[in-house]
Amino acid sequence: MIAPEPPTIVAELPSESEARARLRWQSIGWALLAGLSAGLMSLPWGLEMAIRSGGCGLFYGLLAFHLQRVDPDDSHLQAGLVGAVCGVRSLGLPLSLENLRTDALALLTVELLQAWLPLIGSALLLNGLHRFLPASRP
């Protein structure tokens, strides 16, 4: 006599709406992580600097998540994204051209570093996180 085959267990695949909801939550998580980390890194320079960096970090986190979904292996695009967000952040810096002193370039360089370092640190944090925790990848 032929034994009946045991029933096969079929794992339910998440529906498209569940997958989209999971991606939305991951996107929000990346944005919040990038925004909070950039804001906290720039907090020693003042609350205004932390708020500006946090906002740019949120923007960077959203863009980085979707860039990772589109082309995860293109490191040039990822580096370009960090540069673009740093450039956007630089547009918000006050520029004083009233008295052009010899140390004006040094002062500008310090201000740019204070604006860019939190965003670069946030980018490194997100990059490291998705390398070491594969579940955080889109």
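User: Is leucine 67 buried or exposed?
Analyst: This is a predicted model, and the values discussed here are computed from it. Leucine 67 lies in helix α2. Its relative accessibility is 16%. Because residues under 20% relative accessible area count as buried, the term for leucine 67 is buried.

User: What distance separates the C-alpha atoms of leucine 67 and leucine 77?
Analyst: Leucine 67 belongs to helix α2. Leucine 67 and leucine 77 are ten residues apart along the chain. The separation of their C-alpha atoms is 8.0 Å.

User: Which pattern does the protein chain follow when read along the sequence?
Analyst: The protein chain contains four helices and zero strands. Read along the sequence, these elements give the pattern α-α-α-α.

User: What share of the residues in the protein chain is buried?
Analyst: The protein chain has 138 residues. Serine 37 in helix α1 is one that counts as buried, with a relative accessibility of 9%. For the chain as a whole, the buried share is 28%.

User: How far apart are the C-alpha atoms of serine 37 and serine 122?
Analyst: Serine 37 is located in helix α1, which covers residues 16-42. Along the chain, serine 37 and serine 122 are 85 residues apart.

User: Which residue forms a salt bridge with arginine 52?
Analyst: Side chains of opposite charge can pair when their charged atoms come close. A search of the whole structure finds one salt bridge. In this pair the closest N and O atoms are 3.1 Å apart, and the partner of arginine 52 is glutamate 48.

User: About how many helical turns separate arginine 52 and glutamate 48?
Analyst: Arginine 52 is partly exposed at 36% relative accessibility, whereas glutamate 48 is exposed at 54%. Both residues are in helix α2, four residues apart. Their separation is therefore about one helical turn.

User: What is the accessible area of the nonpolar patch that includes tryptophan 116?
Analyst: Tryptophan 116 sits in helix α4, residues 104-132, and is partly exposed with a relative accessible area of 30%. The patch on the surface is formed by Trp45, Leu113, Trp116, Leu117, Ile120 and Leu124. Together, these residues have an accessible area of about 550 Å².

User: What is the C-alpha separation between isoleucine 120 and glycine 83?
Analyst: Isoleucine 120 is found in helix α4 and counts as partly exposed at 33% relative accessibility. Isoleucine 120 and glycine 83 are 37 residues apart along the chain. Their C-alpha atoms are separated by 8.7 Å.

User: What is the volume of the second largest pocket?
Analyst: Rolling a probe the size of a water molecule over the atoms shows where empty space is left. The second largest pocket is lined by 14 residues, and those nearest its centre are Tyr60, Gln78, Val82, Ala123 and Asn127. Its volume is about 200 Å³.

User: Which helix supplies the largest share of the lining of the second largest pocket?
Analyst: Helices α2 (47-70), α3 (75-91) and α4 each supply at least two residues of this lining. The largest share is five residues, and these come from α4.

User: How many charged residues are in the lining of the second largest pocket?
Analyst: Nine residues of the lining are nonpolar. A further five residues are polar.

Conventions:
Residues numbered from 1 in each chain as written. Predicted model: local features only at pLDDT ≥ 70, side-chain atom pairs only at ≥ 80, totals over all residues. Heavy atoms only, no water. Patch = residues over 30% accessible without salt bridge, like charges linked within 9 Å, V, L, I, M, F, W, Y side chains within 5 Å. Areas by Shrake-Rupley, 256 points an atom, 1.4 Å probe, with all protein chains shown as cover. Salt bridge = Lys/Arg side-chain N within 4 Å of Asp/Glu carboxyl O. Buried < 20%, exposed > 50% of the residue type's maximum accessible area, 1.4 Å probe, protein only. 1 Å grid on protein atoms, 1.4 Å probe; cavity = no way out; pocket = protein on both sides within 12 Å on 5 of 7 lines; lining within 4 Å. Points joined across faces, edges and corners; volume = space filled by probe spheres on them. Nonpolar A, V, L, I, M, F, W, Y, C, P; charged D, E, K, R; others polar.
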